[in-house]
Amino acid sequence: MKITDIISALDLKVISGNNGLSNEASGGYVSDLLSDVIGNAKEGQIWITLQTHQNIIAVASLKDISAIIIVKGFIPETDTIEKSNAENIPVLGTDQDTFNITGHLFELLKKE
Amino acid sequence: MKFLRADLHIHTVLSPCGDLEMSPARIIYEAARRDLDIIGITDHNTTRHCNLITRLAAEKGIFVLQGAEVTTREEVHCLTFFENNDALETFQEFLDENLPDFPNNPLIFGHQVQVDENEIIIYEEKRLLVNAISKTVKEVEVFVHSLNGLFIPAHIDRRKNSIYSQLGFLPENMKADALEVSRATMPEQFSDIHPEINKYPLLRSSDAHYPEQIGTVFTVWHINEPSFSEIIMALRGIRGRKVVTG
C-alpha cells in the first residue's frame, strides 16, 4: 500500500520527507530500540516508534524503511527533520499511542 | 605531573539499586583503601549526596567529581559532572523539573535515602529515580555544556541503557567529552568493533553499586593535580595531560 493511502486512512500528519510519500509499505515493525530495528526490521516496512532522535533516519535508510510513524504527538528534533528530507524518508505523526496506531495499521494492511 | 587513579562511576545508597551499605562514609573508606585519588559520584538522576561525599573525601585527600547518571528520554544513561556547587544546584533543579512524578516502590526498586556522615537517614526521595527524565540525549548534552559540565555516555558496551542499545550507533558529531566502557569490557575490545569511538577519550569505571565493587576497575590520569580543570585538560589532551586507561 502506498504511504499516501495509509496517511489518509489513518489520519497521519506529514512532518517531513515529502518526496518519499509515494513509497510502498509492505508491512510494519514496532520497536523503540534502534539496535533492535537494525537487527530485525525488513525492507519496505513502516516503522512505528516513540524515538525522535536523528539516528532514526539513518537506521530507516540503512534498512530501507518506507516511512516512520512517531506516536503520542512527539515532535522530532530539527536535525531529524532535515535528515528525513535529505533521505526522502517520510516522518509521519499521530497523537495515538503505539498500541492503537499499530492495531489500525495492521487492520489496514490486512485488507490488501 | 602525577599518575592518578580515578573511578568515575559510583552509586550511593540514594540510588534505588545502590546497596544500603553505600553510605558516603563507607564509599570514602573503600575509595581510600583502594588507593583511588579521584572518584565520580553518579546517582541516578540526583546529585544530593555529592556535597557530603566531597567534604568527607577532602579529609582523606580524595578529589570528587560531583554529578549524576542521567537517564535521558531515550533511556540512555549518561554521566554528567560539574565544577562547582552553583552548576550542580542548577543541574539538580533541571533534574527535579524533568523527572516524572511517579512514586518509588522501595519493595520493588529499593530504597532512595540520603544519609548524613553518621549514616542517619535525613531525606527520602519519593519519586522513582531510575525513570527517564523528559529530556533527550541532545537536550541533556546541551544543558550540561551550558553549565560548563562534562557529558559522558555511560557503559556504551552494555546491551541496555547504552547509546548503542537505544540509538543503534553513536550519533554523528555527538559532543561527548569522553565515552565510558563498563567493567565487563576492555575499551580495546569495543573499539575493535566500533572504531568510531576512538575519536573520544575512553574511560573505564566500576559502576559500583556495592562497596566491594569500588575501584575494581579504574582509569589512570596523567595530570598535574586532581582538579576539574586538569581533568578537562586531560580529556582534551592539552599540555601533556592525558587519560591512560587502567
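**The sheet of chain A**

In what order do the five strands of the open sheet in chain A lie? In this predicted model, the order is β1-β5-β4-β3-β2, and the pairing is mixed. The edges of the sheet are formed by β1 (13-16) and β2 (27-30) of chain A; each has a single partner strand, so one side of each is left without a neighbour in the sheet. On average, and with direction ignored, neighbouring strands of this sheet are turned by 30° against each other.

Strands of a sheet pair through backbone hydrogen bonds, in either a parallel or an antiparallel manner. For β1(A) and strand β5 (residues 91-93) of chain A, the sense is antiparallel, and the pairing extends over three bridges. Within this pair, A:Ser16 is placed opposite A:Val91 of β5(A).

Helix α5 (residues 98-110) of chain A packs on the sheet, where it touches β2, β3 (45-49) and β4 (67-70) of chain A. The direction of α5(A) makes about 165° with that of β2(A).

**The contact between chains A and B**

Ten residues from chain A and eleven residues from chain B take part in the contact. On the side of chain A that touches chain B, the elements giving two or more residues are α2 (34-40) and α3 (55-62) of chain A. Of the elements on that side, α2(A) gives the most, with three residues.

What is the division into nonpolar, polar and charged residues on the side of chain A that touches chain B? Four residues are nonpolar, five are polar and one is charged.

**Dimensions and elements of chain B**

Chain B comprises eight helices and eleven strands. Its radius of gyration is 17 Å, close to the 18 Å that the globule rule gives for 246 residues, so chain B is as compact as a globular protein of that length. Taken along the principal axes, the box filled by the C-alpha atoms of chain B is roughly 45 × 40 × 35 Å.

**A helix pair in chain B**

Two packed helices are described by the angle between their axes and by the distance between the axes. Helix α1 (residues 24-33) and helix α2 (residues 50-59) of chain B pack at an angle of about 40°, and their axes are 9 Å apart. The two helices, α1(B) and α2(B), are therefore oblique to each other. The crossing in which α1(B) passes α2(B) is right-handed.

Which residues of α1(B) and α2(B) meet? From α1(B) come B:Pro24, B:Ala25, B:Ile27 and B:Ile28, and from α2(B) come B:Leu52, B:Ile53, B:Leu56 and B:Ala57. The contact of α1(B) with α2(B) has eight nonpolar residues, no polar and no charged.

Terms used: Residues are numbered from 1 along each chain as its sequence is written. Chains are lettered from A and ligands numbered from 1 in the order in which they are written. This is a predicted model: local features need pLDDT of at least 70, side-chain atom pairs count only at pLDDT 80 or more; totals for chains, interfaces and linings use all residues. Two strands pair if DSSP finds at least two bridges between them. Helices (H or I, at least four residues) and strands (E, at least two) are DSSP runs, numbered from the N terminus. Axes are lines fitted to C-alpha atoms, for helices over the stretch in contact, and angles run from 0 to 180 degrees between N-to-C directions. Two residues are in contact if their C-beta atoms, placed from the backbone, lie within 7 Å. Ala, Val, Leu, Ile, Met, Phe, Trp, Tyr, Cys and Pro count as nonpolar, Asp, Glu, Lys and Arg as charged, and the others, Gly among them, as polar. Angles under 35 degrees count as roughly parallel, over 145 as roughly antiparallel, 65 to 115 as roughly perpendicular and the rest as oblique. A crossing is left-handed if the near helix is turned anticlockwise from the far one by less than a right angle, and right-handed if clockwise. The radius of gyration is taken over C-alpha atoms; the globule rule is 2.2 Å times the number of residues to the power 0.38.
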